[in-house]
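Please open the structure in a viewer and keep the selection tool at hand.

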Amino acid sequence: MITENDLVREAAETWCAGSGKVCSYYNIRKQFLSALSEYMNKHSLSKEDILGISGIGCSGRFTTWQDVVTVHTTHGNAGNTAQGAATAMQLAKKKGLVYVVSGDGDALAIGMSNFQQLCHNNVKATYMILNNGIYAMTAGQTAPTTQQGIETVSAPYGNLETPWDTVSLAIESGATFVARASGYPKESKMLKDILLQSFEHNGTSVIEIMSYCPTQDPVSRKRKLAEAEKEYLKNSVDIKDLKSDLSPKLKYAVLKEELKKESKLIKGLIYCASEKGYAELLLEQKKKAQSAYPGENLKSRISSMLKDKKITSI
Ligand SMILES: Cc1ncc(C[n+]2csc(CCOP(=O)(O)OP(=O)(O)O)c2C)c(N)n1
Ligand code: SF4
Ligand SMILES: [Mg+2]
């Protein structure tokens with residue numbers, strides 16, 4: 001039996017925790033460890049079966065305190081590292097779980113194409129994007145999720161761009177489980193439930209987790225945690241409370257447009273579909289190739305394909 005505490009690796013704490021102003025990442029980590037230990041016990045998994053991959057940023061430190069197999073990648077490279085590792089695990093038929101943690105900057109700016117490629121190939125992994133609306137670790141520059149008009153150290157007269165919508169981006173990129181939750185204490189159960197469902201999902205799960213950063217985010221800085229939570233709860237609505245006959249993919253796009261006037265954010269499990277992932281397709285192709293090209297290996301197959309071609313440059 002594994003407990004949450006068994007999964008904690010001792011290391012110096014670096015996240016902020018002032019009076020009434022505690023970084024959301026603490027609660028996200030707590031709910032994650034609670035969900036992970038539950039999942040590991042259910043499937044009889046050991047620490048060696050769990051791979052945690054993080055990017056760079058305050059969010060990137062997430063894996064520092066986890067006593068499973070962890071990789072703290074370079075900035076923007078969590079998605080591609082996860083794609084390779086998760087695919088290799090599936091091809092080797094290794095049981096286990098791959099989880100990824102990125103900040104909004106890490107996933108949606110420098111790491112955008114790596115994130116999209118992972119989703120596009122529907123690789124089996126849970127990708128958590130901790131969205132605090134800012135580059136926190138580097139002192140509060142504008143991130144792809146910063147609200148329009150917000151003054152930051154890199155946009156001192158206000159951000160001109162509109163924020164990317166992580167949920168739309170994930171759905172359009174091909175992720176087959178897409179959710180929005182938050183790190184606010186009153187939504188802890190919701191976050192844990194979504195995490196547990198994502199671990200069971202056979203494909204790419206993206207969970208955007210709205211986060212409170214009282215140190216670097218100009219919006220969070222104005223309020224104590226309890227006030228920010230109240231505001232978030234008032235301005236967000238669970239998709240399961242919204243009626244629509246549209247298909248799940250269209251549902252979010254249409255409801256989002258309808259709720260724009262009220263500035264309401266849609267949350268909960270927004271999209272879930274069952275589709276084959278890259279590793280499954282690869283295994284199927286391997287089987288077919290063996291009967292279609294008996295006696296050939298990869299090298300001889302490429303050589304025969306290139307035989308009649310004039311190669312002028314590579
Ligand atoms: C290649 C590279 N470019 C830039 C940086 C500087 N850098 C470190 S963290 C970071 C942004 C982090 O923002 P985010 O991903 O939102 O994480 P947060 O700190 O908000 O959790 C940047 C730009 C870096 N470490 N490496
Ligand atoms: S700077 Fe913000 S995101 Fe980073 S640890 Fe502090 S509160 Fe959390
Ligand atoms: Mg951030």
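**Two neighbouring helices**

Select H2 and H4, which are roughly parallel to each other because their axes cross at roughly 30 degrees, and angles under 35 degrees count as roughly parallel. Helix H2 covers residues 78-91 and helix H4 covers residues 112-120, and the two axes come within 7 Å. Next, display the residues that form the contact: on H2 these are Gly-79, Asn-80, Ala-82 and Gln-83, and on H4 they are Asn-114, Phe-115, Gln-117 and Leu-118. Coloured by class, this contact shows five polar and three nonpolar residues, with no charged residue. The model on display is a predicted one.

**Helix H1 and what it packs against**

Now select residues 25-42, which make up helix H1. From the first C-alpha to the last, the 18 residues of H1 reach 25 Å, close to the 26 Å expected at 1.5 Å a residue. The buried residues of H1 include Tyr-25, Asn-27, Arg-29, Phe-32 and Leu-36. After H1 comes Ser-44, which has a positive phi, near 50 degrees.

**The shell around ligand 1**

Which residues are closest to ligand 1? Centre the view on this ligand: of the 17 residues that surround it, the closest are Gly-57, Ser-59, Gly-103, Gly-105 and Ala-136. Two elements give two or more residues to this shell, namely helix H3 (104-110) and strand E7 (134-135). H3 gives the most, with three residues. By class, the shell around ligand 1 consists of eight nonpolar, seven polar and two charged residues.

**The shell around ligand 2**

Move to ligand 2 and select its surroundings, among them Trp-15, Cys-16, Cys-23, Tyr-25, Cys-58 and Asn-132. Cys-213, Pro-214, Thr-215 and Gln-216 also belong to this shell. The shell around ligand 2 holds eight nonpolar and three polar residues, and no charged ones.

**A last stop at Arg-61**

Is Arg-61 buried or partly exposed? Select this residue in the loop between E3 and strand E4 (69-72). Arg-61 has 19 C-beta neighbours inside 10 Å and therefore counts as partly exposed. Finally, draw a distance from Arg-61 to Gln-148: the two are 87 residues apart in sequence and 28 Å apart in space, C-alpha to C-alpha.

Technical notes: Residues are numbered from 1 along each chain as its sequence is written. Chains are lettered from A and ligands numbered from 1 in the order in which they are written. This is a predicted model: local features need pLDDT of at least 70, side-chain atom pairs count only at pLDDT 80 or more; totals for chains, interfaces and linings use all residues. A residue is near a molecule or strand if its C-beta atom, placed from the backbone, lies within 6 Å of it. Helices (H or I, at least four residues) and strands (E, at least two) are DSSP runs, numbered from the N terminus. Ala, Val, Leu, Ile, Met, Phe, Trp, Tyr, Cys and Pro count as nonpolar, Asp, Glu, Lys and Arg as charged, and the others, Gly among them, as polar. The expected span of a helix is 1.5 Å times one less than its number of residues. A residue is buried if 20 or more other C-beta atoms lie within 10 Å of its own, exposed if 12 or fewer, and partly exposed in between; C-beta atoms are placed from the backbone. Axes are lines fitted to C-alpha atoms, for helices over the stretch in contact, and angles run from 0 to 180 degrees between N-to-C directions. Angles under 35 degrees count as roughly parallel, over 145 as roughly antiparallel, 65 to 115 as roughly perpendicular and the rest as oblique. Two residues are in contact if their C-beta atoms, placed from the backbone, lie within 7 Å.
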